[in-house]
Structure formats: structure tokens, C-alpha cells
Amino acid sequence: MTERRVLVVEDERTIAESVAARLRAEGFAVEIAADGPSAVEQFRTGQPDLVVLDVMLPGFDGLEVCRRIQAVRPVPVLMLTARDDETDLLVGLAVGADDYLTKPFSMRELAARVHVLLRRVERAAATPAPPAIRLGDIEINEAERRVRRAGADVHLTPTEFDLLVHLAGRPRAVLPRERLLADVWGWAEGSGTRTVDSHVKALRRKLGADLIRTVHGVGYALEVPS
């Protein structure tokens with residue numbers, strides 16, 4: 001199997017080297033970038049399979065890095081943030097991040113998140129895609145991993161796409177947050193329900209607030225658009 005490549009974008013040298021060392025120990029080939037412009041250039045030349053991306057960077061910040069690399073090629077992005085601020089997290093998800101960790105974090109958890117993100121991409125590539133899903137004016141093409149609403153393309157991150165497909169496979173059924181974490185993210189424990197909430201908010205912003213219904217204290221259901 002080809003060695004998987006990870007680009008670590010972090011301007012704090014100690015953190016960058018610690019993350020790189022742990023990921024190399026996990027069997028990944030790792031490159032490090034310390035600022036926004038070099039991160040985008042290394043992404044173009046190195047073609048990494050996944051990016052670990054800090055929000056606060058010199059040159060331009062991690063949000064702009066995420067916008068630029070996702071415009072080049074969709075890739076899983078694990079964002080690192082020093083603040084547990086919901087607005088920052090939602091902006092990160094909106095520009096293409098798939099998951100996030102708030103500093104300080106454990107290297108064990110970071111490595112686990114990286115493995116989960118890459119396993120999901122590998123499963124999606126290996127699974128034959130079913131026919132396109134049509135729900136009202138929404139069309140979901142799993143083969144091309146493309147979504148259109150009212151004839152217009154909607155750019156989703158890999159995680160947003162997987163979450164939408166999962167909800168669309170059971171329209172109107174209420175799916176608990178813990179089940180979504182297990183089925184979409186591959187997490188056996190339910191401590192990351194805020195991640196689900198953030199991705200649902202991103203889907204609503206991109207596809208319309210009417211698409212996903214919240215059942216308080218339980219989870220979410222996809223409503224079929226008229």
C-alpha cells in the first residue's frame with residue numbers, strides 16, 4: 001500500500017515537530033509548513049492525502065489556506081484552533097475543514113482523528129456508488145461526490161457530503177447524534193456531538209435552513225424539499 005502523505009501546517013515549531021513525529025510513528029510521510037503561502041505551495045507540489053492545519057498562521061491564516069487548497073483539490077482537513085469558539089469553528093467548517101481539535105490536545109487523539117478521516121475517504125473510494133439521490137430540488141451524485149440544489153452546484157467538504165448522504169438515505173427519520181458520530185465519523189463514543197451540530201449548521205448554511213430538522217435532545221432528520 002502506498003504510504004499516505006500528511007501536510008502539517010503549524011507555525012509553533014515545537015507543536016509542529018511533535019505532531020509530525022507522532023504521525024511518522026503511525027506510518028505516515030509528513031511534511032511541515034510554517035506559514036500560509038508555503039502551506040499552499042507545498043500542498044500543490046506534495047499532493048498530500050490529508051492536511052493538519054492550524055488556524056493562526058503568518059502570511060495568511062488557516063482559513064484562507066483551507067479555502068485555497070480546497071479550490072485546488074478536495075482533501076480532508078483537520079483544523080487546530082487555540083480557542084473553543086463556535087464562530088471560529090463554524091467558519092472553519094464553512095471553508096472546507098472536516099474536523100477540528102482545540103488546543104491543547106493529545107497526540108493520541110490527533111492520530112486517531114487522522115486515521116478516521118483517511119479511512120472514510122478510502123471506504124468512499126472503494127465502495128461502488130449507487131445511482132444519484134434526488135430529493136425535491138436536491139440531487140446527490142455519490143459517484144462524482146457532487147451536490148446540486150435547484151440546478152446550482154453546492155461545494156461540500158468530504159465530511160459534509162458523507163453526513164448529507166447518510167441523512168438522505170433515511171429521509172424524515174430522526175437519527176441520534178451518537179449514531180451519526182458512529183456511522184459517519186466512525187467514533188465509538190459519543191463525546192463529539194458538538195462536531196455533528198457544527199456540520200449540520202454548515203449544511204443548513206450551504207443548502208438551506210429548511211433541509212434538516214432538529215429534534216431537541218435526540219438528533220436530526222432530513223426533510224424532503226418541496
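The following paragraphs explain selected side-chain pairings and contacts in this predicted model.

Residues are numbered from 1 along each chain as its sequence is written, and side-chain values use heavy atoms, with hydrogens and water left out. In this predicted model, local features need pLDDT of at least 70 and side-chain atom pairs count only at pLDDT 80 or more, while totals for chains, interfaces and linings use all residues.

Side chains of opposite charge can pair when their charged atoms come close. A salt bridge is defined here as a side-chain nitrogen of Lys or Arg within 4 Å of a carboxyl oxygen of Asp or Glu. Across the whole structure, a search finds 20 salt bridges.

One of these joins the side chains of R113 and D99, with a distance of 3.1 Å from N to O. R113 belongs to helix α5 (residues 107-126) and D99 to strand β5 (residues 99-102), so this pair ties together parts that are 14 residues apart in sequence. Helices (H or I, at least four residues) and strands (E, at least two) are DSSP runs, numbered from the N terminus. Both R113 and D99 are buried; buried means under 20% relative accessible area, exposed means over 50%, and partly exposed lies in between (1.4 Å probe, protein chains only).

A second salt bridge connects D197 with R177, whose closest N and O atoms are 2.7 Å apart. This pair links distant parts of the chain, since D197 lies in helix α8 (residues 193-207) and R177 in helix α7 (residues 177-185), 20 residues apart. R177 is buried, because its relative accessible area is 15%.

The side chains of R148 and D153 also meet in a salt bridge, at 2.9 Å from N to O. R148 has a relative accessibility of 31% and therefore counts as partly exposed. D153, with a relative accessible area of 46%, is partly exposed as well.

Salt bridges can also be followed through a network, which here links E10, E12, D54 and K103. A34 is located in the loop between β2 (29-33) and α2 (36-46). Although A34 and E10 are 24 residues apart in sequence, their C-alpha atoms are 5.2 Å apart in space. A34 is partly exposed, because its relative accessible area is 38%.

Finally, a charge may sit over a ring, which requires NZ of Lys or CZ of Arg within 6 Å of the ring centre and within 35 degrees of the ring normal. R68 lies over the face of F60 in this way, 4.1 Å from the ring centre.
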